[in-house]
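Colleague: I have just opened this one and would like to go through it with you piece by piece. Please start wherever you like.

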Amino acid sequence: MVKDMKTPLLIGALALAVLPALAQHKPIPADSIRTILLQEVAVTTKQHNHQQHLQEFHNASQVATTEELMARMPEVSFIRRGSYGMEPTIRAYSAGQVSLTLNGMRIQGACTDKMDPATIYIEPLNLQSIEVQTAGAGSMQGAAIGGSLDMKLAEANLADAPTLSGSMSSGYQSAANAILGGLKLNYATPTWGLRASGTYRKSQNYHNGNGEKVLYSQYEKANIALSGKYLLQDDLVLKADFIADDGWNIGFPALPMDVGEAKARIGSVSILRESEDRIWKRVEARIYANRIAHYMDDSARPDLPVRMDMPGLSRTSGFYLEGIASPATNHQLTLRVDASSSYLEASMTMYQEGQTPMYMLTWPNNRQLQSGVAAQYTLQAGAKTQLQINSRANISDFSVTSAEGRDQLQVFGYTETERQFFIPSVSLQASRMVYKKLKASLSAGFNGRTPTASELYGFYLFSQFDGYDYLGNPELKPEKSIQSEFTLSWQQPKVRVQATAYTSRVENYITGTYNPDLSAMTIGAKGVKVYENTDHALLTGAETSVIYNITAYTQLVSTLKYSYAQSSDGDPLPMISPLRNVTSLRKYFGDYLWVQAETEIAAAQNRTSERFMEQPTDGFMLWHLRAGYQKQTEKKVWQLNAGIENVFDVNYREHLDWGQITRPGRNLFVQLSMGF
């Protein structure tokens with residue numbers, strides 16, 4: 001173990017040694033980065049800038065979950081197995097192909113069925129912003145081929161005099177008879193501040209567009225977040241964050257099992273120095289640890305021949321050091337050093353009447369040690385041209401830590417279970433104003449990613465999507481991707497239009513391949529698939545977004561996205577969204593009242609994977625109406641939001657929804673909040 005930790009510890013020692021020499025500066029934005037800002041109570045003004053339009057677009061429903069907010073971003077979609085625990089995708093990439101972090105911290109889900117991505121443990125009340133990076137810009141957060149998604153936590157404030165502020169809110173949604181309560185408090189002084197927030201949600205089985213109750217779609221959860229800040233010097237701040245998130249009685253209608261409990265404990269301590277007088281304008285060092293416990297069971301399902309319990313556990317600890325410098329005018333350098341250690345274990349116990357319970361490790365106890373160094377260099381070459389280089393070198397060590405786990409894998413001839421991967425990545429982006437308000441950006445790069453624990457060591461993991469048991473393969477090669485992206489953007493005071501086309505060729509693409517020589521373990525499974533590398537896969541697509549200030553009080557926001565993907569033999573890849581558009585028109589009546597009409601349109605998806613027995617999806621069109629009223633007094637801000645989603649009660653499903661499970665029908669929502 002001491003030997004295994006040598007590389008991360010050496011990097012950590014080096015990073016901490018140079019901390020005093022570093023110090024902040026906001027990065028020069030790149031076209032491959034999209035950030036949305038979140039706030040619980042927004043004061044409406046007559047002047048609306050580009051960023052505020054996006055904030056209002058993503059916060060259209062104040063009762064929305066974090067996943068529902070992200071799903072309105074052009075690059076992001078979600079694989080849905082229930083109302084809770086939706087899996088984020090960036091363009092056509094998912095799971096281990098995407099780097100998903102919280103304040104730059106790695107969080108490993110504890111579920112073998114991907115039912116607990118990090119997004120489910122974070123509430124909008126916890127968040128300051130959500131940042132999605134595509135192309136090579138995502139390499140700053142980790143080794144991934146599909147980009148990165150980083151959730152930035154809201155921080156405690158400081159004030160010239162002791163000040164107490166906060167907000168409280170409550171909400172209701174009719175489709176699932178769901179309730180929501182939230183509370184935020186912030187106490188600020190000149191030298192220290194504390195922020196606390198709490199959220200409670202309870203959602204029952206929802207009704208679809210046919211008025212049918214969708215069983216096992218309920219969930220209940222509570223979230224508490226604490227943040228502290230202490231001013232050590234004028235330019236030096238000590239910060240600490242902690243999140244406790246508990247979910248229980250969580251149904252998954254598209255799966256044969258539900259979740260009895262899902263618990264997360266996430267903590268970190270960081271030190272931040274910001275000074276415009278230093279070469280290193282900003283430096284932040286953070287140490288963190290988190291623990292995720294996830295308990296699947298089928299005790300709520302009737303008439304099952306075999307009962308099963310599937311607990312999973314994830315523990316991750318790590319650090320990162322990140323600094324931003326301006327070595328010369330119009331030059332900016334960002335350096336990041338990070339390392340982490342993740343431990344995973346998951347098991348399954350099957351109970352059949354009259355027989356001894358059968359126990360096995362679905363994730364043989366395994367550990368991943370990761371360390372990396374990343375750099376981003378941006379040059380503003382004149383008033384019209386910007387160049388940016390991103391690079392990363394990442395080392396990951398995987399090992400099975402228990403004799404029982406190694407014995408299971410040896411049954412299939414895998415005698416060597418320890419793996420080490422070196423993943424380099426580099427990309428170049430060039431942007432130029434080509435004509436008045438027209439800007440063009442072109443990026444190209446090489447990225448890679450390691451296999452996941454399930455792909456390496458998974459043991460008879462049943463997938464409800466195609467009905468097969470899956471086995472890991474410790475001999476897998478890492479995926480490697482050659483990517484390019486082209487963006488055109490036109491911006492005037494009233495209009496901003498952006499269009500992006502992208503393509504990627506993924507070598508050593510990892511997918512499950514049917515093995516007729518192996519017998520399934522799960523009752524009713526069609527057979528066994530083993531994770532293997534295929535020659536390559538091609539993923540391509542396009543996105544557009546429009547923001548139009550029709551008048552000072554009327555705004556239009558519209559997004560359109562399309563993805564296309566196929567394997568090396570020309571077969572479509574599964575779980576690829578069809579053409580999809582969301583258009584929102586918002587009208588302000590003075591400074592206090594707004595009304596919004598919105599449409600969601602998705603084309604049919606008939607290009608499906610026969611290999612995975614994927615079913616086509618019909619197209620649909622939805623209408624939503626939303627409204628908000630705000631009243632500000634001397635010390636308080638009252639805000640009322642209400643609306644009707646799916647006005648015409650359409651019975652529909654998204655193509656990324658498993659199991660032919662349709663989504664909620666007509667949904668009336670209301671939310672009342674008070675800020676002080």
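Predicted model: local features only at pLDDT ≥ 70, side-chain atom pairs only at ≥ 80, totals over all residues.

Colleague: OK, and in which sense do S23 and S26 pair?

Modeller: S23 and strand S26 (residues 528-551) pair in the parallel sense, over 3 bridges. Strands here are DSSP runs of E of at least two residues, and helices are runs of H or I of at least four, both numbered from the N terminus; two strands count as paired if DSSP finds at least two bridges between them.

Colleague: What about S22 and S23?

Modeller: Strand S22 (residues 461-463) pairs with S23 in the antiparallel sense, again over 3 bridges, and the bridge partner of Phe462 is Asp469 in S23. The hairpin of S22 and S23 has 4 residues between the strands, and Gly467 takes a positive phi near 80 degrees there.

Colleague: Which way do the side chains of S23 point?

Modeller: Tyr468 and Tyr470 point one way from strand S23 (residues 468-471), while Asp469 and Leu471 point the other way, and all are buried. Buried means under 20% relative accessible area, exposed over 50%, and partly exposed in between, computed with a 1.4 Å probe on protein chains only. In a regular strand the side chains alternate between the two faces of the sheet.

Colleague: Switching to S11, which residues make up its covered face?

Modeller: The covered face of S11 holds Gly193, Arg195, Ser197, Thr199, Arg201 and Ser203, and the uncovered face holds Trp192, Leu194, Ala196, Gly198, Tyr200 and Lys202. S11 runs antiparallel to strand S10 (residues 178-188), to which 10 bridges join it, with Lys184 opposite Ser197, and the hairpin from S10 to S11 passes through 3 residues. S11 also pairs in the antiparallel sense with strand S12 (residues 219-233), over 12 bridges, and there Thr199 stands opposite Asn223.

Colleague: What volume does the largest cavity have?

Modeller: The largest cavity has a volume of about 940 Å³. A cavity is a set of points, on a 1 Å grid over the protein atoms alone, where a 1.4 Å probe fits but cannot get out, and lining residues have an atom within 4 Å of a point; grid points are joined across faces, edges and corners, and the volume is the space filled by probe spheres set on the points. Of the 45 residues that line the largest cavity, the closest to its centre are Glu68, Arg80, Glu645, Tyr652 and Arg663. Among the elements that give two or more residues to this lining are helix H3 (66-70), strand S2 (76-79), S11 and S29.

Colleague: How many of the lining residues are nonpolar, polar and charged?

Modeller: The lining divides into 20 nonpolar, 13 polar and 12 charged residues, where Ala, Val, Leu, Ile, Met, Phe, Trp, Tyr, Cys and Pro count as nonpolar, Asp, Glu, Lys and Arg as charged, and the others, Gly among them, as polar.

Colleague: Back to S2, then: what is the strand order in its sheet?

Modeller: The order is S2-S3-S4, in an open sheet of 3 strands with antiparallel pairing. S2 and strand S4 (93-94) stand at the edges, each with a single partner strand, so one side of each is left without a neighbour in the sheet. S2 and strand S3 (residues 87-90) are joined by 4 bridges, and Phe78 stands opposite Pro88 in S3.

Colleague: And is Val595 buried, exposed or partly exposed?

Modeller: Val595, which is found in strand S29 (residues 593-602), is partly exposed, with a relative accessible area of 38%. Beyond four places in sequence, Val595 touches Leu585, Arg586, Lys587, Phe589, Arg626 and Ala627, contact meaning heavy atoms within 4.5 Å.

Terms used. Residues numbered from 1 in each chain as written. Heavy atoms only, no water. 1 Å grid on protein atoms, 1.4 Å probe; cavity = no way out; pocket = protein on both sides within 12 Å on 5 of 7 lines; lining within 4 Å.
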